[in-house]
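Subject: Structure handover

Hello,

Here is the structure for you to look through. Please open it first, then read my notes below.

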Amino acid sequence: MTTTPIARGLEGVVFTESKLTFIDGEKGILTHLGIPIQEWAESSSFEELSYALLHGRLPNAKELDHFDHDLRQHRYVPQELIENIKLYPRRMNPMQALRTAVSHLGMLDPHSEDDTHEGRYRIGVHLIAQFATIIAAIARVKEGKEPVAPRKDLGHAANFLYMLKGHVPTEEEARLFDMALILHADHSMNASTFTAIATISTLSDMYSAITSAVGSLKGPLHGGANEAVMDMLDDIGSLSHVDDYIGGKLERKEKIMGVGHRVYKYFDPRSRVLRDYAALVAEKQGKSNYYQMLERIEGIVLEKLSAKKLYPNVDFYSGVVYSDLGIKKEFFTPIFALARISGWVASVLEYVEHNRLLRPNALYTGPVDQHYVEIEKR
Ligand SMILES: CC(=O)SCCNC(=O)CCNC(=O)[C@H](O)C(C)(C)COP(=O)(O)OP(=O)(O)OC[C@H]1O[C@@H](n2cnc3c(N)ncnc32)[C@H](O)[C@@H]1OP(=O)(O)O
Ligand SMILES: O=C([O-])CC(=O)C(=O)O
């Protein structure tokens, strides 16, 4: 009988090194390249953080300009892809649609199999730019509207909101959205990044790695939780029902969406930044029902679950920020992908430099010493 311990959910397993992101889950600290997430959110841009993750350092002004130019140039996707998106069923799940579109884009790229660092980098940067165009096109088609072509004169966040809604956002809206993208860009070995790495570790191509990652992010235990939080709020309906609803869930030992984390055993620092922004927006526009419900749920969670080290995570307040920007809840998870694409690409590039096939073991607990039995004798 073997005594090999099983790391259920791979908890605590360290399988590689990375210079990108550090998390101290006990203290609620998150840094990229050693710089606290709060500073990135306050002072940087999604474009700059993407560069920093891909290159392992902050860009100078010229490098950032060049990178930004590169992203703007590659926002366009082949018309064939747009025409295909128009053929997807209107009831499509936007994450399924994104997964399909990224895979399709790979087939349209004659250099999709380029396995040099430069080749993979090129595909990665193009995907960072193109995710915005694809997600906005999916949203428009789902609403029965014509997709809006990207504009080169807008920053990444502003251009996405423009393509989504068909009008240029205010500076304040673009900045708020940019900040949300920054907060979601990378998070060390989360499930979707790990999935991307598992795929590239077989020396498959970049499109396959990113397609796998989209599928992984979709689940409600990961990126899908932001939409699930809004479903929960819609179910609750009003502030006066929060206590009964959450109390009932806790009694039945059901999970509260947007709460808990594999690594954070304290507040997820991103949830604090998002809460502060959500509070600001709520104050300006008159306290939204959603925000008030979340505040109350957070109070109950802290009272009842903090002993179990369960706190709000990044998905808890993000939806309320997106809904204040007029974005529908079924697009919250695609927006997570719009940000996380940078972390996926950077992590894949970093891992594959010193590639080793990912191939863990399972402890065999099935029958032994059996023989094949003819079907008539079973
Ligand atoms: C971007 C992101 O991916 S952030 C995470 C987004 N996901 C969510 O918000 C979904 C809700 N949260 C969860 O399901 C979990 O906390 C996860 C998946 C994030 C982490 O899961 P794990 O580390 O595997 O923890 P696990 O599910 O084993 O839970 C440990 C204990 O905490 C409890 N618990 C965990 N999350 C919650 C929650 N959201 N609400 C209530 N109880 C919870 C579990 O019931 C379990 O209790 P027990 O020990 O009494 O059985
Ligand atoms: O790190 C994780 O497991 C999940 C998470 O918060 C993220 O991917 O942003």
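**Helix α11**

Helix α11 is mostly covered, with nine of its twelve residues buried. Buried means that 20 or more other C-beta atoms lie within 10 Å of the residue's own; 12 or fewer is exposed, in between is partly exposed, and C-beta atoms are placed from the backbone. Helices (H or I, at least four residues) and strands (E, at least two) are DSSP runs, numbered from the N terminus.

This is a predicted model: local features need pLDDT of at least 70, side-chain atom pairs count only at pLDDT 80 or more, and totals for chains, interfaces and linings use all residues. Residues are numbered from 1 along each chain as its sequence is written, while chains are lettered from A and ligands numbered from 1 in the order in which they are written.

Which residues of α11 are buried? They are A225, N226, E227, A228, V229, M230, M232, L233 and I236. They pack against α12 (242-251), α14 (289-305), α15 (314-324) and α16 (332-353). Contact here means C-beta atoms, placed from the backbone, within 7 Å.

The helix covers residues 225-236, and its end C-alpha atoms are 16 Å apart. The expected span is 1.5 Å times one less than the number of residues. Just after α11, G237 has a positive phi of about 90°.

**Two domains**

Domain 1 is 21-219 + 328-353, and domain 2 is 225-324. These bounds come from an automatic or database domain assignment. The domain centres, taken over C-alpha atoms, are 26 Å apart. In all, 21 residues of domain 1 are in contact with 20 residues of domain 2. On the domain 1 side, β2, α1 (37-43), α8 (171-184) and α16 each supply at least two residues. Helix α8 gives the most, with five.

**Two ligands**

Ligand 1 has 19 residues around it; A225, K255, V259, G260 and R262 come nearest. A residue counts as near if its C-beta atom, placed from the backbone, lies within 6 Å. Around ligand 2 are H187, N190, H261, R262, V263, N313 and V314.

Three strands form an open sheet in the order β1-β2-β3, with antiparallel pairing. The edge strands, β1 (21-24) and β3 (35-36), each pair on one side only. Strands pair if DSSP finds at least two bridges between them. Strand β2 (residues 29-32) and β3 share two bridges. T31 has P36 in β3 as its bridge partner.

Best wishes

Conventions
Two residues are in contact if their C-beta atoms, placed from the backbone, lie within 7 Å.
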